[in-house]
Amino acid sequence: MNITVIGSGYVGLVSGNCFAEMGNRVNCVDIDPIKIEKLNKGIIPIFEPGLETMVIRNVKSKNLFFTTDLKEALQNSEIVFIAVGTPMGDDGSADLQYVLSVAKSIGQFMQKRLIIVNKSTVPIGTADKVKAVIQEELDLRGSTIEFDVVSNPEFLKEGSAISDFMNPDRVVVGSDSDYATEKMKQLYNPFFRDQDRFMAMDIRSAEMTKYAANAMLATKISFMNEIANICERVGADANQVRIGIGSDQRIGYSFIYPGVGYGGSCFPKDVKALTKIAKENSYEAQLITAVEKVNDAQKLVIAQKIVKRFGEDLSGFTFGIWGLAFKPGTDDMREAPSIYVINELVHRGAKIKAYDPKAIDQAKEHYLKGVKNITYVDSKYDVLKDSNALVLLTEWKEFRLPDFEKIKSLLKIAIIFDGRNQFNKLNLEKMGIEYYMIGK
Ligand SMILES: NC(=O)c1ccc[n+]([C@@H]2O[C@H](COP(=O)([O-])OP(=O)(O)OC[C@H]3O[C@@H](n4cnc5c(N)ncnc54)[C@H](O)[C@@H]3O)[C@@H](O)[C@H]2O)c1
């Protein structure tokens, strides 16, 4: 099929590339000419495992093209995906300006029947808005071209985005048109060789499914963090409790690691947007509001432990940070807990030495730009020299089994604050390392 994907970020680039991998001819469009120029030179603007090789292969086989020219891209397309950002607006709701501006351009440029697919995470009812904007543009042109708008929320996880897209747990398509549903089914069929996981439903249910999924996952995280905070106060060990409850199949082990809270480009904004959606529809989403409140507080729990150990005034102390990205496997720092922890420590006068395998450029250029007293180093052990303690904030694999003797010898005082509960407290204490974790 001929496809256009509008927005070449984490979702658009991965989706476009995976559709191309299945033999489709895909135009990836972005408004950012620098991004497109880089992509045309084979430079991938984001880090996502496996993406670079795949992009180069698909460009070479002429299945994948990058352009800023939407008009031209639409000429041969049958299906157009909208995969632009829906960031948090000033009032907490999803900002639809990019989605609606794309809809307007589609209405201006389309020359033949199109299926327009909302892949961006959008509030319930957005498909109707997109439809109205496109129709308005067609009316202005006096055009009677037919089109369908469907919802196809994306569930990929940064860090494993390609395998998630290539082997999806499900593909949700919300549609009120048999024609569009059938086309979407054909497009996704190659991704379901072993078992059909295509789920067709009405448009609003599809839009809601994405918010419900993210709110559920965020709830698991905040629930476990709350349990961990209670564990600390009653003398229980949250890690043991985690193992104890995860074995129950109704609960399961995933998303119940106590830690520094959730971050990233999705959970924070989607949880907030869902409370807004509820409110606009005269419902107070008490549980979801609490999930966010618990998470906001959780981001500072590790800083509070540092203050408890070193005092309110942290001037004169240096902290070595392992991990800046909001999770391992990505360079994405949007809403990363590291931003909150580092700002809190610096605000109290501390100096920071930081290392992350992939996110240092993002930190320098955007998320910690202008933060004073922070230096970035190229290796995890360089962080430790002249530091008073190590603070682990992202559970990258390379931090899982470090040389603890080396850590001990390099730090000024052998102290680890583990925001991801990676290490074994008893073993470290036996080695003479002071160890602080979440939930014990
Ligand atoms: N990142 C994830 O893990 C993830 C997972 C599932 C769903 N989502 C959702 O997918 C959507 C996209 O997220 P993302 O992380 O890929 O965003 P992103 O910020 O990485 O990428 C968005 C891209 O859209 C481009 N863009 C903006 N306006 C445009 C326009 N008018 N024309 C063409 N391009 C335009 C931007 O330049 C940018 O490259 C969001 O709604 C997000 O909530 C994201």
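At what angle do the axes of helix α9 (residues 203-234) and helix α11 (residues 267-280) cross? They come within 9 Å and cross at roughly 115 degrees, with axes taken as lines fitted to C-alpha atoms over the stretch in contact and angles running from 0 to 180 degrees between N-to-C directions. The model is a predicted one, where local features need pLDDT of at least 70 and side-chain atom pairs count only at pLDDT 80 or more, while totals for chains, interfaces and linings use all residues. Numbering starts from 1 along each chain as its sequence is written, and side-chain values use heavy atoms, leaving out hydrogens and water.

Helices here are DSSP runs (H or I, at least four residues), numbered from the N terminus. On the α9 side, the contact (heavy atoms within 4.5 Å) includes Met208, Tyr211, Leu217 and Ile221. From α11 come Phe267, Asp270, Val271, Ala273, Leu274 and Ile277. Sorted by class, that makes 11 nonpolar, 1 polar and 2 charged residues, where Ala, Val, Leu, Ile, Met, Phe, Trp, Tyr, Cys and Pro count as nonpolar, Asp, Glu, Lys and Arg as charged, and the others, Gly among them, as polar.

Now for the ligand. Polar contacts (pairs of N or O atoms within 3.5 Å) turn up at several places. A polar side-chain atom of Thr86 sits 2.5 Å from a ligand oxygen, and a polar backbone atom of Thr121 is 2.9 Å from an oxygen atom of the ligand. For Ile31, a backbone N or O atom lies 3.2 Å from a ligand nitrogen. On its own the ligand exposes 830 Å², and the protein buries 88% of that, going by the Shrake-Rupley method with a 1.4 Å probe.

Among the residues making the contact are Val99, Leu100 and Phe109 of α5 and Val130, Val133 and Leu138 of α6. By class, the contact has 9 nonpolar, 3 polar and 4 charged residues.

Notes. A polar contact is a pair of N or O atoms within 3.5 Å; within protein, one must be able to donate a hydrogen and the other to accept it, and residues adjacent in sequence count only if both atoms are side-chain atoms. Helices (H or I, at least four residues) and strands (E, at least two) are DSSP runs, numbered from the N terminus.
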